[in-house]
Amino acid sequence: MALTHATNTTNEKGFALVTVLLLGSLSMVLIALASYIVSTGSMTGGIQKRYQGEIERSAGTGELILSQLIGTSLTCTPAAIACVDNTADTTIDLTACSAGAQIYFSPAVLTALDKVNNSLSACYLSNTPDPVDPDKFLVAVKLISQSEGKETAIIDIVYKLEWL
């Protein structure tokens, strides 16, 4: 009988060892999964925050462009030449923007927006009479703002202007 009792004790110890190893492995997998979820959420939150910042900068820049349009001080070159309608392809990539349609931002504006690395650009697309009311004009501008993390906000702006 003593031999049977020793075998049962060994089986119980083996079962306990396997159970502890399985529970330990399962808890390590759960900890790794929780860590992955938290780090992914942090990265996604950072991307969203930078993108929202680019949207806000673009909206503010759109308001600046509107104020320059109203004040007739919008220029498309450092030499302060008035903007002309874009004749190039107006795809998302603003490198296709015509030379006379690339809106110029002064270094002071770029510094204020923390955009000294040429990550803000705008293209003056067109200025056409409103088909409904010919006394008003529709002005279209495409604006691209890119963060250091490469999140990009692309905004198409259309203003309806009436010259008094």
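Helices (H or I, at least four residues) and strands (E, at least two) are taken as DSSP runs and are numbered from the N terminus. The model described here is predicted, so that local features require pLDDT of at least 70 and side-chain atom pairs count only at pLDDT 80 or more, while totals for chains, interfaces and linings use all residues. Residue numbers start from 1 along each chain as its sequence is written, and side-chain values rest on heavy atoms, with hydrogens and water left out.

Three strands form an open sheet in the order β1-β2-β3, with antiparallel pairing; two strands are counted as paired if DSSP finds at least two bridges between them. Strands β1 (120-129) and β3 (152-162) stand at the edges and each has a single partner strand, so one side of each is left without a neighbour in the sheet. From one strand to the next, the twist averages 15°, where axes are lines fitted to C-alpha atoms, for helices over the stretch in contact, and angles between N-to-C directions run from 0 to 180 degrees. In general, strands of a sheet pair through backbone hydrogen bonds, either parallel or antiparallel.

Strands β1 and β2 run antiparallel and are joined by nine bridges. A hairpin of six residues links β1 to β2, and Ala122 stands opposite Leu143 in β2. Strand β2 (residues 136-146) also pairs with β3, in the antiparallel sense, over 11 bridges. Here Ser145 has Ala153 of β3 as its bridge partner.

Lys142 is located in strand β2. Its relative accessible area is 7%, and Lys142 is therefore buried; buried means under 20% relative accessible area, exposed over 50%, and partly exposed in between (1.4 Å probe, protein chains only). The Lys142 side chain makes a polar contact with the side chain of Asp156 at 2.8 Å. A polar contact is a pair of N or O atoms within 3.5 Å; within protein, one atom must be able to donate a hydrogen and the other to accept it, and residues adjacent in sequence count only if both atoms are side-chain atoms.

The largest nonpolar core comprises 22 residues, a nonpolar core being a set of buried Ala, Val, Leu, Ile, Met, Phe, Trp, Tyr and Cys residues joined through side-chain atoms within 4.5 Å. Ile65, Leu69, Ile103, Phe105, Tyr124 and Val141 have the most contacts inside this core. Two or more residues are given to the core by each of α1, β1, β2 and β3, and β1 supplies the largest share, five residues.

The loop between α1 (2-70) and α2 (107-112) contains Ala99. Ala99 is exposed, its relative accessible area being 68%. Not counting residues up to four places away in sequence, Ala99 touches Cys76 and Thr77, contact meaning heavy atoms within 4.5 Å. Cys83 is 16 residues from Ala99 in sequence, and their C-alpha to C-alpha distance is 9.4 Å.

Thr72 also lies in the loop between α1 and α2. Its phi is near 50°, a positive value in a residue other than glycine, and at 62% relative accessibility Thr72 counts as exposed. Asp114, in the loop between α2 and β1, likewise has a positive phi, of about 55°, although it is not a glycine. Asp114 is exposed at a relative accessible area of 51%. Most residues other than glycine have a negative phi, and most peptide bonds are trans.
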